[in-house]
Structure formats: C-alpha cells, structure tokens
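This report describes the architecture of the model shown below.

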Amino acid sequence: MWKITSGIFLGWSLGANDSANIFGTGVATGTVKYRTAIWLTAVFVLVGALAEGPKCMDTINELSRINPVSAFCCTLAAVITITALTFLAIPASVSQAIVGTIVGAGLLAGRVDFTLLYKVVACWLFTPVMGIVLGYLVYRVSASILNHTVKSITRRNLIYFTGILFAGSYGAYSLGANNVANVTGVYVNAGLLLPLEASAIGGISIGLGVLTYSKKVMMTVGKGIVPLDPFSAFVVVLAEAMTLHIFTQLGVPVSSSQAVVGAVVGVGLVGGLRTISGKMLLNITVGWIMTPVAAGLFAVGLLVASRFLF
Amino acid sequence: MFKNFFHQGKKEQAVIDKTSAHIELLIAACKGFHEGLIQEDKNRVLQVFHLEREADTIRREIIAAIYEGAFLPYLRPNLCRFAELVDRVFDEIEDAANHYSEMEIPDVLKEDCVRVAFYNIRICEMLLICFHALIEGNELREKTLAVRIYEKKIDDLKFEMKRILWKIPVDNFWAGRILAEFIDGLTAISDVVEDASDYLHIINVSMK
C-alpha cells in the first residue's frame, strides 16, 4: 500500500493549490470566512469525488495499462513536476502532469491509446474556451434576470453572498468529481484500488490539502486575480464549476485553473474589458506544453531508475 | 456559519435605517439654520451644534454596524465613506453656525445667504431621495442630476456673493475673515453633498 503515498501527496498538493480557484476571491475579499470556505470545499470535494469521480478514472485507465510500481512513479513524477513548475512560476495543471506521466510510462512499455490521447488534448484546448463561453453566457443571463427581478440593494447583497457560497460549493463538487481521477486514478489502472476506494482516498487527500495548507495560495490567488465585483466573482466560479462538470460527464480530467482563467476572460468580454495580458497568455501556453512533456520525461526517468531498484 | 441566511438582511436594514436617520438629521440641521437666518436668531442657528453631536453618534453606530458584518466587504468602504461625507456636511454647517454667532451678515448679502441656506435644505432632501432610490433599486441618474443642478445654483450664488463681498468695507482683519469663512462654509455644504451623491452612484453601479 506504500505505493499510494505519492498519490495521497499529489491529492494534498492539488487541494492546497486548486481550492484557491473556488473560494479564492470570496476569502480574499472577506465575503466568505476562510474556515467556512475550507470546510465547504473539503466536504463538497469528497462528495463530488464519491458521486462522479469514477467517470474520469475510466479515461486514465484506458490511456495505458500500468503496473503498481509505474503508478507510484507516475504520481511521484507528477508531484515533482508540479512543484518545480510552480517554483518557476509557470502555471501547471495536475491533469496535464498526470496524463503526461501515463503517456511517458505507456511509451516506455509500448502501450498508448493515441485516439484517446487526442480526445484528452482536445478537451484541454477546449477548457478555457468553454470557460470563456460559459462565463459570458452566465453573466449575460443572470445579469438580465437579476436586473429585472431583484432591485433592492439588501436583497442583492443577500443573493450575491448566497450565490458565492452556492457557486463555491458546486465548484468544489466539480473539482472533486473531475480531478480525483488525477490523484488516485492510476491506482485503479494498476489494480491497487477499486474505483470507489480510489475516489474516497483521493477525495480525502484533496480535502486534507484544502484544510491544512490552502490559506496562503487562496489569499495570493484571490488578491492576484483581476479585482472582481461580487456578481462577477459568483459568475466566474459558477462558470468554472460548470466547465469542470461538463468535462466530467465527458470523462476527461481538465485543469480548474484554465477553466477559471477562461471564465474571467468571458466575464471581461461582457464589459469589453481586457482581462488577460499577452504575457499571461504566453505563460499559460508554456505551462500547457511544459507540464505534460516535463512530467512524461520525469516519469520515464523514474521508471528506468525503478527497474534497477525493484 | 450561515448567520446571513437567518438574519435575512437585518444587519443591513439597521444600517439603512441609521443612514436614513443620519440624512434626516442633516435636513433638520439645514432647516434650523435656514430659519435662524430668516429670523436672525443666533440661538436657533446654534442648535446645529446639538444635532452635530447626535449625528456623530449615528455615524459611529453606522460604521460599527457595517464592520460587524452588514453588507458584503466589497461595499463596506463606500458605505462608510458615504457616512463620513454626511458627517462632513455637519462639520461644515457647524463651522458656518459658529461663524454666524460671531458676526452680523451685511444687508447686501442677507438675501443671498438665505437663498443658499434654502437650497442647502433642498439638496439634502434630494440626497435622502437618492439614498432611498439606491436602496429600492430605482434609477439614480435623474436624482443625482438634480443634486448637481442645486450645487450649480449654489456655486453661481457663491461667485455672485464673493464679488459683493470684496467690495464690503470691514472694520478689521478678523471681521472680514469671519465673514469670508462664513460664506465659504455655507456654500461648501452643497459640494460635500454632491460628493456624497457621487458615492451613492458608485455603490449603485457596483451592485449591478
């Protein structure tokens, strides 16, 4: 069972980092208390992981067949890649890292389903696009409904507060449902865990990351994002949650950070605002290429090394 | 954890009620000042001091209630700034009342001073209307325009009064200075009220 420790560590790291995409703006602006945010996130991540987590595990399983030692090496390579790229300030996605490692391991063993890989890569490309579209549409529709039905400032205040809590909880649910496959999916593939066990362990490890080490990232990301008004913050989180949920139904784990960036751009488009810079776009592109490539190479290196050890 | 759900906006309503009371007190102060000028009753004008102290207490209560959790943090700075601006109007009225207690208005300026004091009542009433419009979610544009029109009228009167003021002979430096400061204070009230109405507009825009 020691082989799943790297997956637990990956889940902890994902929880500590990605929870900022859900309640980051809410906590940084003081709308939601940090304690409320982390407990809601941890609970709904676990619920999402248990309810819909296995859907994305099938994709991870079918990408390439790997053995238990390879599963350990893949998650370890993913953790190291994510940590190194974060240290270099390059936005890195756990989904891309883990798929990169599986493809690396698969290439080494000569077993990769490239048809499925194309589908996964296409989904990665469509994640920010869907974020933009949903951010734009949700903003337009909800603003129109609110402007015609709720005029009182007191009611709006209550609706925005409730909306941010609801969208955040839905975001946490979608994060758990979509991203748990990244954390423990490889162990189902390797025959170490059953899908439900993998969902529970993955959900708990992500939840632990949220509960124990998310404050710093949450405050940094929350304050670093374009200063959003409460309504836009609600729309961004809701659009991100919907994006993740849609890709969960397609069975493809995607990046919550890229979904958030897309949603921010979509909300910005409504007001004709420039919410993304060329430098930021370049950074994201570099991350897109670097993450799976670096993680894949790392996994190959670790697997070659492991052949001498085991 | 979910206090806001169960309070159903009670904290917010308390802030709204107190802010309304704050502006109503401001209207009462302006009315007292106006009546005092018409009747040339300095004691009536000096009652503004009591109202200013009362307004100070209300301002503290508003700011405390806001920081105890009323409204989203995003709105709080602008709401506090609005309360502070209303309080600054009280400071201006208080200063004008203080100057008035130390001087006599020259006959050539009396009528204009009473007109400015009257417009001050109207502009403060308009501020209250703007505040209620904001709370109920009604259109603010025309109401804030009315505030700006009153402010323009007072500004025009101010320049007219200053032209007259420069020609008035004074007994000594202090008599001249107190008179000039009285006119400045009386006409500055509308500027601060205009700033306050701008904040209401900002709050309105930021919640849409």
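What percentage of the 310 residues in chain A do buried residues make up? Buried residues account for 60% of the 310 residues in chain A, where a residue is buried if 20 or more other C-beta atoms, placed from the backbone, lie within 10 Å of its own.

## Basis of the model

This is a predicted model, in which local features need pLDDT of at least 70, side-chain atom pairs count only at pLDDT 80 or more, and totals for chains, interfaces and linings use all residues. Residues are numbered from 1 along each chain as its sequence is written, and chains are lettered from A and ligands numbered from 1 in the order in which they are written.

## Chain A

Chain A contains 12 helices and zero strands; helices (H or I, at least four residues) and strands (E, at least two) are DSSP runs, numbered from the N terminus. The radius of gyration of chain A is 19 Å, close to the 19 Å given by the globule rule for 310 residues, so chain A is as compact as a globular protein of that length. The radius is taken over C-alpha atoms, and the rule is 2.2 Å times the number of residues to the power 0.38.

Along the principal axes, the C-alpha atoms of chain A fill a box of roughly 70 × 35 × 30 Å. Of the contacts in chain A between residues at least 6 apart in sequence, 87% join residues at least 24 apart; a contact requires C-beta atoms, placed from the backbone, within 7 Å.

## A helix pair in chain A

Helix 2 (residues 20-28) and helix 3 (residues 34-63) of chain A pack at about 165 degrees, with their axes 10 Å apart. Axes are lines fitted to C-alpha atoms, for helices over the stretch in contact, and angles run from 0 to 180 degrees between N-to-C directions. The two helices of chain A are therefore roughly antiparallel, a term for angles over 145 degrees.

A:Ile22, A:Phe23, A:Gly26 and A:Val27 in helix 2 meet A:Tyr34, A:Ala37 and A:Thr41 in helix 3.

## Chain B

Chain B has eight helices and zero strands, and its C-alpha trace spans about 70 × 30 × 25 Å along its principal axes. Buried residues make up 41% of its 208 residues. Among contacts in chain B between residues at least 6 apart in sequence, 81% join residues at least 24 apart.

## Interface

In the interface, 17 residues of chain B are in contact with 16 residues of chain A. Helix 2 (10-39) and helix 6 (107-136) of chain B are the elements that give two or more residues to the chain B side.

Technical notes. Two residues are in contact if their C-beta atoms, placed from the backbone, lie within 7 Å. A residue is buried if 20 or more other C-beta atoms lie within 10 Å of its own, exposed if 12 or fewer, and partly exposed in between; C-beta atoms are placed from the backbone. Angles under 35 degrees count as roughly parallel, over 145 as roughly antiparallel, 65 to 115 as roughly perpendicular and the rest as oblique.
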